[in-house]
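Please look over the sequence and the structure below.

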Amino acid sequence: YKWAKRKLYLMCAYSGIGKTSLSLALAKYAASLGLVVLYISVKDWSESSMYHKLAKLKTPLDIYYAIYNECSIFQVESEIRMVKPDLVIVDSLKSITNYYADEERMFIELGKRADTLRVMANDYGCCMVTTHQLVVLEELVVPQHLQGAKSHLLEHCDLALGFGVKEPSQRDRVVSTLKVRNAESVSPFKI
């Protein structure tokens, strides 16, 4: 798949399967191409945990970081305005702060967040990537495995990829296409 500016991409995996590691690898690759990268980490990692993950990459990343315990969609937009990146990675969509009265409202909010990120990608001319949690550990990921599948997240993104494994200790990830807009879907493959 070709990744482009003004698009929203969703990377989905079960907890501990490598959403952050995959995101950092993408950031590293984009930076090596000379792109300006903004990586926004929300809630999942303390600053020291994030630096530990970065140290595993063995080479320092020449990217902008914003590490938050809590973050609103407005703070995401503020970071984008300041940095003017080519690529924005928001890890993760669900961790952007909001309070829900019930599960149904959470699903509605996830859809709104995805739509807002897509609008920001278009307005600021950047490629927007966000991560999202799967509710089951499976080798072959399908749309029903998305946390909050009822939120219609797939309607808002241009490409959604699922990263699955049979068991957490397995090194290879099976990448499956959950949704693609304006292109042919590819068969699942391993990375």
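**From the whole chain to one residue**

In this predicted model, 49% of the 191 residues of the protein count as buried. The protein exposes about 10,000 Å², and carbon and sulfur atoms supply 51% of that area.

The protein contains five helices and eight strands. Read from the N terminus, its elements follow the order β-α-β-α-β-α-β-α-β-α-β-β-β. Among contacts with a separation of 6 or more, 68% join residues 24 or more positions apart.

The interior comes next. In soluble globular proteins, nonpolar side chains tend to be buried together. Here the largest nonpolar core has 33 residues, and Ile40, Val76, Val88, Leu117 and Met128 have the most contacts inside it. At least two residues of this core come from each of strands E1 (7–13), E2 (37–42), E3 (64–68) and E4 (87–91), and from each of helices H3 (73–83), H4 (103–124) and H5. Helix H4 gives the largest share, seven residues. A second, separate core has 25 residues, including Met11, Leu54, Leu161 and Val175.

Not counting residues up to four places away in sequence, Met128 touches Lys7, Leu8, Tyr9, Ile80, Val88, Val90, Leu117, Met120 and Ala121.

Finally, consider His156, which lies in helix H5 (residues 153–156). Is His156 buried or exposed? Its relative accessible area is 18%; because buried means under 20%, His156 counts as buried. Leaving aside neighbours within four places in sequence, His156 is in contact with Leu8, Gly111, Ala114, Asp115, Arg118 and Arg181.

Note on methods. Residues are numbered from 1 along each chain as its sequence is written. This is a predicted model: local features need pLDDT of at least 70, side-chain atom pairs count only at pLDDT 80 or more; totals for chains, interfaces and linings use all residues. Side-chain values use heavy atoms; hydrogens and water are left out. Helices (H or I, at least four residues) and strands (E, at least two) are DSSP runs, numbered from the N terminus. Buried means under 20% relative accessible area, exposed over 50%, partly exposed in between (1.4 Å probe, protein chains only). Contact means heavy atoms within 4.5 Å. Accessible areas come from the Shrake-Rupley method with a 1.4 Å probe; for residues, only the protein chains shown count as cover. A nonpolar core is a set of buried Ala, Val, Leu, Ile, Met, Phe, Trp, Tyr and Cys residues joined through side-chain atoms within 4.5 Å.
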